[in-house]
Amino acid sequence: MTIRDLLRAKGQHVVTLAPGATALDALHLLVQHNIGALVVLGPPDQRIRGIISERDLMRAAARDPEGFSSSPVERLMTADVVTATPDAAIASVMDTMTEGHFRHLPVVDGGGLCGIISIGDVVNAVRRSLEMENQHLHAYIAGVVG
């Protein structure tokens, strides 16, 4: 199973914001869309400039409660973004996310953003795959014994 398969099932919509948006803007988007991370796209070509997660925002709020809401996202985001391609295997992406302690991974095709996956998406894909394999094995065993 590949990331493309996962995106086909979940959809490719990605909520984004600009580097100059505020931390409060980011919080509102996370709550509005019930998600855990936003991809930061910036000029001149609307390429990925960073990613900001709910965890990033909580840490920033704890460091500077008074200035938090007006802090620009570009100061709080992770700028070194690890991405995946649609053809990447789920197992490989799961390893990348686990080793890097990432809970969200943007998906890029031809340099452009085409989706985002969460560790929950990956776990569910692996779980579904194992369930199907288990069902096939049960059917095979039942056919051999029966």
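Predicted model: local features only at pLDDT ≥ 70, side-chain atom pairs only at ≥ 80, totals over all residues.
I took strands (E, at least two residues) and helices (H or I, at least four) as DSSP runs numbered from the N terminus, and two strands as paired if DSSP finds at least two bridges between them. Between β1 and β2 (residues 37-42) the pairing is parallel, over 2 bridges. I noted V40 in β2 as the bridge partner of L17.

**Hairpin.** I then turned to β4 and β5, which pair in the antiparallel sense over 6 bridges. L105 stands opposite I117 in β5. The hairpin has 2 residues between the strands, and G110 takes a positive phi near 60° in it.

**Largest pocket.** I searched for pockets on a 1 Å grid over the protein atoms alone; a pocket is an open set of points where a 1.4 Å probe fits, with protein on both sides within 12 Å along at least five of seven lines, and lining residues have an atom within 4 Å of a point. The largest pocket holds about 300 Å³ of space, a volume being the space filled by probe spheres set on the points. I listed 15 lining residues, with S53, T78, H101, F102 and R103 nearest the centre. Two or more lining residues come from each of β3 (47-53), α3 (54-63) and β4 (104-109); α3 gives the most, 3 residues.

**Second largest pocket.** I recorded a volume of about 230 Å³. Among the lining residues are K10, H13, I35, H104, I116 and I117. Strand β5 (residues 112-118) gives the most to this lining, with 3 residues.

**Bookkeeping.** I numbered residues from 1 along each chain as its sequence is written, and side-chain values use heavy atoms, with hydrogens and water left out. Local features need pLDDT of at least 70 and side-chain atom pairs count only at pLDDT 80 or more, while totals for chains, interfaces and linings use all residues.
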